[in-house]
Amino acid sequence: MKLSQFNFPFKNSMIALYPAKNRDEAKLMVVDRNRQKIEHKTFKDILKYFDSGDVFLMNDTKVFPAMLSGTKEKTRAMITVFLLRELNPEYRLWDVFVEPARKIRIGNKLYFGQNEELVAEVIDNTTSRGRTLRFLFDGPYDEFKDMIQHLGKIPLPEQILALRDLEPIDEERYQTIYAKHEGAVIAPAAGLHFSRELLKRAEIKGIELAFVTEHCGLGNFRRIDVEDLSKHKTDSEEIIITEEACDIVNHARAQGGRVCVIGNSTLRGVETVVGINGQLKPYQGWTNKFIYPPYDFRLGDALVTNFHEPQSLMFMMTCAFGGFELIQRAYKEAIAKKYKFLAYGDAMLIL
């Protein structure tokens with residue numbers, strides 16, 4: 001398929017600038033692949049579609065304050081740095097994105113904090129926007145991480161930051177309630193809809209929870225600039241799938257239970273390592289899997305996802321799981337009924 005096939009009219013008014021008042025009260029569109037039907041519910045209704053012995057497979061990555069605002073030496077031009085991956089803790093080396101990137105060169109020093117208490121030096125240019133920074137910090141590692149936590153901000157998606165500033169609500173709501181392992185730059189948005197009350201009701205109903213970790217990166221939102229999708233290369237993301245998670249999923253499937261994958265990041269992670277026989281296997285490493293139609297999924301009887309931008313990786317993966325024509329129809333209906341899009345937006349359940 002071609003990039004142009006995944007386009008649709010998109011306006012800023014469709015973006016949810018704030019989350020629903022309560023996590024589980026966003027809208028929920030239910031898309032039934034077998035019946036080719038679409039229903040409109042509230043997210044808390046999701047439990048009506050699952051039974052005892054089914055599994056919710058979730059991503060427990062935790063967003064860290066990865067956005068640093070600073071200035072460039074000499075010119076004092078304002079820059080924003082997104083911390084993507086720690087390369088070497090001892091030498092304080094980080095893989096980052098810098099915006100704007102066009103005038104950042106190897107050897108430039110960047111200053112962060114009102115008193116410029118944190119300094120970094122550019123030591124490598126890896127892509128048009130990617131850089132490697134060495135933070136010039138001589139104190140203990142714990143003090144360095146505390147400073148990053150203090151100076152960094154939650155990296156809300158740029159589409160939202162273009163329309164409003166960060167607010168205190170984002171500290172809590174741009175994080176799932178089960179976030180555990182720090183490392184994500186982007187929140188696994190589908191999981192934001194789960195409240196503690198909803199998970200407790202799921203437990204009472206006999207629905208099991210299994211957790212994998214995939215640290216979502218900015219590559220999910222990078223523009224695709226090739227019409228031939230087979231030529232697009234995605235950024236790698238770290239993924240950890242434990243033996244415990246595999247046991248829960250594989251046992252449920254052996255007993256006839258269904259696995260509902262919560263979020264596209266989770267889906268991409270498990271599809272990276274699932275065997276031909278549909279068995280999930282323990283894994284710790286990286287994935288740069290790019291899923292678009294047509295694709296034969298080996299794991300996942302259902303998917304919970306948000307509504308995504310046109311021509312985005314996440315929209316293409318949703319079309320691959322739900323069926324291109326059905327998801328196209330669902331998105332047209334979502335726009336007509338004023339569903340909200342992106343991380344703080346409404347949800348879709350594909351059965």
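A salt bridge here is a side-chain nitrogen of Lys or Arg within 4 Å of a carboxyl oxygen of Asp or Glu. By that rule, the structure holds 13 salt bridges. This is a predicted model, so local features need pLDDT of at least 70 and side-chain atom pairs count only at pLDDT 80 or more, while totals for chains, interfaces and linings use all residues. Residues are numbered from 1 along each chain as its sequence is written, and side-chain values use heavy atoms, with hydrogens and water left out.

**Salt bridges**

- Side chains of opposite charge can pair when their charged atoms come close.
- Arg258 and Asp51 form a salt bridge at 3.9 Å, N to O. Arg258 sits in the loop between helix H5 (243–254) and strand S14 (259–262), and Asp51 in the loop between strand S2 (37–42) and strand S3 (55–59), so the pair ties together parts 207 residues apart in sequence. Helices (H or I, at least four residues) and strands (E, at least two) are DSSP runs, numbered from the N terminus.
- Arg258 is partly exposed at 27% relative accessibility, and Asp51 is partly exposed at 46%. Buried means under 20% relative accessible area, exposed over 50%, and partly exposed in between (1.4 Å probe, protein chains only).
- Glu116 and Arg76 pair at 2.8 Å, N to O. The pair links distant parts of the chain, 40 residues apart: Glu116 is in the loop between strand S8 (109–112) and strand S9 (118–125), Arg76 in the loop between strand S5 (67–72) and strand S6 (78–88).
- Arg85 and Asp95 meet at 3.7 Å, N to O. Arg85 lies in strand S6 and Asp95 in strand S7 (residues 93–99), so this bridge ties together parts ten residues apart in sequence.
- Arg85 is partly exposed at 31%, whereas Asp95 is buried at 17%.

**Cysteines**

- The whole structure has zero disulfides, a disulfide being a pair of cysteine sulfur atoms within 2.5 Å.
- For Cys216, the nearest cysteine sulfur is that of Cys260, 16 Å away. That is too far for a bond.
- Cys216 is buried, with a relative accessible area of 3%. Cys260 is buried at 0%.

**Surface charge**

- Lys11, Lys27, Lys337, Lys338 and Lys340 gather in a patch of positive charge on the surface. Patches are made of residues with over 30% relative accessible area and no salt bridge, with like charges joined within 9 Å.
- Lys27 lies in strand S1 (residues 27–32) and is partly exposed at 33%.

Definitions and conventions: Patches are made of residues with over 30% relative accessible area and no salt bridge: like charges are joined within 9 Å, nonpolar side chains (Val, Leu, Ile, Met, Phe, Trp, Tyr) within 5 Å. Accessible areas come from the Shrake-Rupley method with a 1.4 Å probe; for residues, only the protein chains shown count as cover. Lys and Arg count as positive and Asp and Glu as negative; His and the chain ends are not counted. The place of a charge is taken as NZ of Lys, CZ of Arg, CG of Asp or CD of Glu.
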